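Biologist: I have not seen this one before. Can you walk me through it?

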Amino acid sequence: MPASDVVLSAEDRDRALDRRRVLAARQSGRKGLLVWLLLGPGVLVMLGENDGPSMLSYAATGASYGIGFFLPFIVLTFAAAYFVQEMGMRLGAVTHRGYGELIFQRFGAFWGWLTVGDLVITNLITLITEIIAIRVGMAHFGISTPVAVGFAVGLVIVSALGSRYSRWERISMSLAVFNLLFVVVAVLAKPSPVAIGHALLTWSPLGVDSLPQFLLLVASNIGATVTPWMLFFQQSATVDKGLTPRDIGEGRLDTAVGTAIAAVAGCAALLAAVPLFAHHVDTAALPQGGAGYAQALQPYVGRWGAALFALGLIEAGAVAMLTISASTAYALGEAFAGAGHSFNRSLIEAPVFHLANIGVAALAGAIVLIPGLPLLNITLNANLLAVLLMPPALVFLLVMVNDRELMGRHVNGWRDNVLAIALTVLIAAAGSASVIVSFFHTFHF
Amino acid sequence: MTAPPPYRTEAHDDAELIDGLEPDQLVVNTAKPLPRMALSATWNVGFWLLRLFVLVMAAMAVAVFVAGLR
């Protein structure tokens, strides 16, 4: 079709405006500006996954087992997350279609709806846990639960105003930077550099004496870094941002930067809670149903340190609210063909997308407000559910990223495939071992 | 196919903006569905086994979760 005959939609026009800046930066050789313009989906997906329950899970690990096996294990899970997310980014940049959209089109509506259905349920449960984390963080400053819920849902609404992907992305990224607050708290906790070095080099001490507990922690830590919503989000955000095959190098850098920041912040959350391990504090007896780490850490990191930990939790929950709600919106928008699935579209142009974005956040908020719900139990099990759903999601990704009809010369190499298959088997084994051992332990078979 | 969404007022015309996007990035082109992949019987069985894995494991996890509430 000649260029003069092309009809641009409002979504195209917004995306084209952003892309023109990228092309100008590339043509003028301004590498720094180019990287800055293309940073986004990778950083957001990694820092979005450093969410409230993940940071609490890392802190719980540090408080229960000190500096040991789980410190290098967290680094390893982030390396795995980079590997998986790079494939999703590449698939999005080459096909210009989201993960859900591709499953619907290539595998049919049956597998499409199953995948999207799984995602919506786990995202709703995860969003509940994000609001719980925000509530725990705000409670440190005496802020009530309804205000915390209003903040979480309001943030999702405000960020989507303006109908521009770039605006939404930059709001989310400016919040995500505060994930590094955990590094400040870790420094205040004065962990032993020798112990950190020893743990990173030797993966010891293990420090866990119960098999079910060990497997649950392994599965939880995997579930804290490699999850299905991340696949949906990064691929769709890559498409929404307008990345092309020429941008794959910068897309990899974006993902690597996000991975590095998130790994440092995740390890910092573990290290920040190590004083509780050193002083034999019973984590089950912590305030706020075992989640009051900020309060418990105050004698060791000071008033400001405790406040920063609480602020970090609020940030972690807030960024995850934005990214996980967005992944739900992308998935549902892609499921209803022709409904529109872009932040570059207005509420009128893409009602399913925007209503899903706000609706899932509002529903999670409403559930948190129900009195008497076992919120802590929900939080502990959310990551496990994500681990169980990951193997099928990875297999679909692998099939698509090896599809030469879709990917052309950008298909996976054999080393990528060997690693991806090994990772899929490992995640399936960790998830199922944790569930089976817990099941037999609980029901005394 | 549904009609393209209405334009917003911008200071650029289409001819100026079109160079910013690759042709297959345009909404009019991404709206066209890709052909369905021809899945072999082996792949179909594999996908069903994975679904079974998820259902069994999720049921066991829910049972443990419910037992934990008591």
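Modeller: Start with the two chains: 40 residues of chain B are in contact with 48 residues of chain A, contact being C-beta atoms, placed from the backbone, within 7 Å. This is a predicted model, where local features need pLDDT of at least 70 and side-chain atom pairs count only at pLDDT 80 or more, while totals for chains, interfaces and linings use all residues. Residues are numbered from 1 along each chain as its sequence is written, with chains lettered from A and ligands numbered from 1 in the order in which they are written.

Biologist: Which element gives the largest share of the side of chain B that touches chain A?

Modeller: α3(B), with 15 residues; helices here are DSSP runs of H or I, at least four residues, numbered from the N terminus.

Biologist: And by class?

Modeller: That side of chain B has 28 nonpolar, five polar and seven charged residues. Ala, Val, Leu, Ile, Met, Phe, Trp, Tyr, Cys and Pro count as nonpolar, Asp, Glu, Lys and Arg as charged, and the others, Gly among them, as polar.

Biologist: New topic. How do α3(A) and α17(A) pack?

Modeller: Helix α3 (residues 41-49) and helix α17 (residues 293-335) of chain A pack at an angle of about 120°, their axes 8 Å apart. Axes are lines fitted to C-alpha atoms over the stretch in contact, and angles run from 0 to 180 degrees between N-to-C directions.

Biologist: Which residues meet there?

Modeller: A:L44, A:V45, A:L47 and A:G48 in α3(A) meet A:V319, A:A320, A:T323 and A:I324 in α17(A). Six are nonpolar, two polar and none charged.

Terms used
Helices (H or I, at least four residues) and strands (E, at least two) are DSSP runs, numbered from the N terminus.
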